[in-house]
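Colleague: I have not seen this structure before. Please take me through a few of the terms used for it.

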Amino acid sequence: MTGAMEKMTMSDGAEVAVYHVQPTGVRKGGLVLVQEIFGVTDHIRDLCDGYAADGYEVLSPALFDREHPGFEAEYSGDGFARAVQLARELHPFDLSLADVQTCVDALAATGPVFVVGYCYGGSVAWFAATRMHGVAAASGYYGSLIPAAADEEPKVPVILHFGRFDTGIPMEGVDTVIAKDWPKATVHVYEAGHGFNSDRRKDYHEPSADLARERTLELFEANGG
């Protein structure tokens, strides 16, 4: 790992841990990378380090720190159950949006700021494009809340990545997002399942992960990164 966990004061006064990594070489911009429900795991930190190697200063807030400090879980068993409980019952989703906005604000003085999120964070990335300020563009991976929020028009360019075989996000919902045809939204469907970006998961699909990352970097570069 090339970054470090730091404490950041959020809008409600809470001290939340944030993984912070500086860019390699010329700084292209700032990036807020939003976790899966499993916390800021080694996989999430690896992703942060990868984007830093591409020239981005990255912040990844541990969104569940108020309810469960230092939470990191596996993709199965008790950890999975706890992750679902945190995401769906104990932690207010609007507080996640507020924390990501705080991170965006922290990076805004030094260039364009982008948001990328995975699973839980993929939904956050959609709302970053529709509701937040100071975001240049966003990329959301398999966010389950997006189809129900398809009526919200993005204010900035956003790309969405869904797996055709994702049992948690039926294609009917994805088709709802596509049918909106928002000018600033692009939806990509991959021949993969949920979590295809994570090489720690059984649904990892390397060709889809590589293509989605390529598209994400192209989006950032096209919008000032």
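Colleague: How are helix α3 (residues 93-107) and helix α4 (residues 120-130) packed?

Modeller: α3 and α4 pack at an angle of about 65°, with their axes 10 Å apart. The axes are lines fitted to C-alpha atoms, for helices over the stretch in contact, and angles run from 0 to 180 degrees between N-to-C directions. Helices and strands are DSSP runs, H or I of at least four residues for helices and E of at least two for strands, numbered from the N terminus.

Colleague: What makes α3 roughly perpendicular to α4?

Modeller: Angles of 65 to 115 degrees count as roughly perpendicular, under 35 as roughly parallel, over 145 as roughly antiparallel and the rest as oblique. The angle here is about 65°, so α3 is roughly perpendicular to α4.

Colleague: Which residues make the contact?

Modeller: Phe93, Ser96, Leu97 and Val100 of α3 meet Tyr120, Ser123, Val124 and Phe127 of α4, where contact means heavy atoms within 4.5 Å. These residues divide into 6 nonpolar, 2 polar and no charged. Ala, Val, Leu, Ile, Met, Phe, Trp, Tyr, Cys and Pro count as nonpolar, Asp, Glu, Lys and Arg as charged, and the others, Gly among them, as polar.

Colleague: What kind of model is this?

Modeller: It is a predicted model, in which local features need pLDDT of at least 70 and side-chain atom pairs count only at pLDDT 80 or more, while totals for chains, interfaces and linings use all residues. Residues are numbered from 1 along each chain as its sequence is written, and side-chain values use heavy atoms, with hydrogens and water left out.

Colleague: How do you know that the span of helix α1 (residues 42-53) agrees with its number of residues?

Modeller: The expected span is 1.5 Å times one less than the number of residues. For the 12 residues of α1 that gives 16 Å, and the end C-alpha atoms are 16 Å apart, so the two agree.

Colleague: Why is valine 187 called partly exposed?

Modeller: Buried means under 20% relative accessible area, exposed over 50%, and partly exposed in between, with a 1.4 Å probe and protein chains only. Valine 187 has 23% relative accessibility, so it counts as partly exposed. Valine 187 lies in strand β8 (residues 185-190) and touches residues including Leu160, Phe162 and Val174.

Colleague: Is tyrosine 142 buried or exposed?

Modeller: The relative accessible area of tyrosine 142 is 1%, so it is buried. Tyrosine 142 sits in the loop between β6 and β7 (158-163) and has a positive phi of about 35° although it is not a glycine.

Colleague: Why does aspartate 181 count as exposed?

Modeller: Aspartate 181 has 61% relative accessibility, and therefore counts as exposed. Its place is in the loop between α5 (171-180) and β8.

How values were computed: Lists of a residue's contacts leave out its neighbours within four places in sequence.
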